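Hi there,

Here is the structure I promised to pass on to you. My notes on what turned up in it follow just below.

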Amino acid sequence: MKEVRIWLVGLGTVGQWLLRAMHVQTPRLAGRYGFVPKVVGVANARDGFVYDSSGLDPQTVLEFASAQRSLTELDGVRHWPSSLEGLGATEADVLVEVTASPADCGEPGVTHMRDALKRGIPVVTSNKWPVALNGVELVELARETGVPFRAESTVMSGTPVLSTLVDGLAGTTPISLRGILNATANFILTRMEQGASYEDALTEAQHLGLAERDPIADVEGYDAMAKAMILAGLVFETQLRPQDVGLRGISRIDRTQIDAATSEGARIKQLVTLELSRAGGAASLTARVEPALLPNEDRLAGVSGVANAVVCRAEPVGDVIVTGPGAGPELAGQGVFSDLIAVAR
């Protein structure tokens with residue numbers, strides 16, 4: 001039975017969910033997919049990087065994480081103060097990068113992924129901003145070294161949108177894309193349609209764990225911007241910068257606008273739009289994230305609550321629609337798990 005040695009960088013909710021899934025599903029992974037996962041390295045920001053070539057017990061690592069115990073206390077591990085040092089000094093078959101690097105630089109996630117790919121090591125990630133800021137470069141590195149680079153969870157968590165648009169539509173030419181890609185914003189606008197004020201809908205989203213205490217990334221469109229940039233890089237093969245994306249949030253949407261939309265037979269949605277145009281033989285990609293008035297007959301108008309959806313137009317196929325849940329650590333973990341299985345196979 002083939003063993004797949006795994007570096008796991010990041011022990012937040014997604015990393016812990018993935019460890020649990022690998023522990024519980026090891027027999028199924030062996031029987032159905034022909035491999036056994038062996039976590040040889042684990043890293044977090046507090047403890048740095050620990051490594052055991054014979055494999056770390058996922059259940060023990062989870063117990064340490066739950067008890068806030070240092071990873072350096074695990075029996076028999078070698079230790080480095082940072083993940084970069086540990087990754088550089090050890091070996092594995094795949095890097096699973098599930099940290100949350102910041103929007104200004106995407107570090108250290110970008111360097112984690114770049115270094116692994118340069119060494120011919122496949123990468124699986126849920127880390128949005130490194131892919132948003134450097135997606136084209138990372139894909140090209142993976143292509144040069146002949147290894148997979150997969151980032152399913154960066155856009156619609158466990159719903160397979162990237163694999164559908166990149167792999168399933170391989171050979172087609174993407175022309176445009178429209179999507180509802182932030183569950184929090186969509187939940188707030190849905191609750192406002194049902195009569196809630198913006199403030200009450202936001203408070204409810206925070207109470208349910210959909211929105212952070214500081215909700216700016218969701219309601220002002222920055223999370224959707226990152227996803228627009230990821231889709232531009234991985235589907236349209238065009239690297240965008242944040243300043244290339246027209247951005248307007250939903251925080252100024254009020255009851256009057258919602259009621260006016262309803263009376264017109266329409267709904268307001270936070271919409272991501274990518275449009276490819278050709279002028280004089282040169283192709284350019286226009287990207288926007290903004291509240292949009294969608295007629296009720298629009299295929300995206302009925303996407304409500306925490307659901308996400310994308311409509312991609314590609315030649316010669318036409319419109320392809322992918323819809324499903326778009327938020328939550330379990331869903332994000334499932335997306336990473338699916339990518340890991342694909343790489344291992």
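Let me start with the lining of the largest pocket, whose residues split into 23 nonpolar, 19 polar and seven charged. Please keep in mind that this is a predicted model. The largest pocket has a volume of about 1300 Å³. It is lined by 49 residues, and those closest to its centre are Val14, Ala100, Lys128, Glu212 and Asp223. The element that gives the most to this lining is helix H7 (residues 153-156), with four residues.

Next comes the second largest pocket, with a volume of about 560 Å³. Its lining is made up of 28 residues, and Val139, Val166, Asp167, Leu234 and Val235 lie nearest the centre. Helix H6 (128-145), strand S7 (149-150), helix H8 (162-168), helix H12 (222-234) and strand S12 (307-315) are the elements that give two or more residues to the lining of the second largest pocket. Sorted by class, this lining holds 17 nonpolar, four polar and seven charged residues.

Is Ile341 buried or exposed? Its relative accessibility is 10%, and because buried means under 20%, Ile341 counts as buried. With neighbours within four places in sequence left aside, the contacts of Ile341 are Leu29, Tyr33 and Phe35. As for Ala201, its C-alpha is 38 Å from that of Ile341, and the two residues are 140 apart in sequence.

Notes:
Residues are numbered from 1 along each chain as its sequence is written. This is a predicted model: local features need pLDDT of at least 70, side-chain atom pairs count only at pLDDT 80 or more; totals for chains, interfaces and linings use all residues. Side-chain values use heavy atoms; hydrogens and water are left out. On a 1 Å grid over the protein atoms alone, a cavity is a set of points where a 1.4 Å probe fits but cannot get out, and a pocket is an open set with protein on both sides within 12 Å along at least five of seven lines; lining residues have an atom within 4 Å of a point. Grid points are joined across faces, edges and corners, and a volume is the space filled by probe spheres set on the points. Ala, Val, Leu, Ile, Met, Phe, Trp, Tyr, Cys and Pro count as nonpolar, Asp, Glu, Lys and Arg as charged, and the others, Gly among them, as polar. Buried means under 20% relative accessible area, exposed over 50%, partly exposed in between (1.4 Å probe, protein chains only). Contact means heavy atoms within 4.5 Å.
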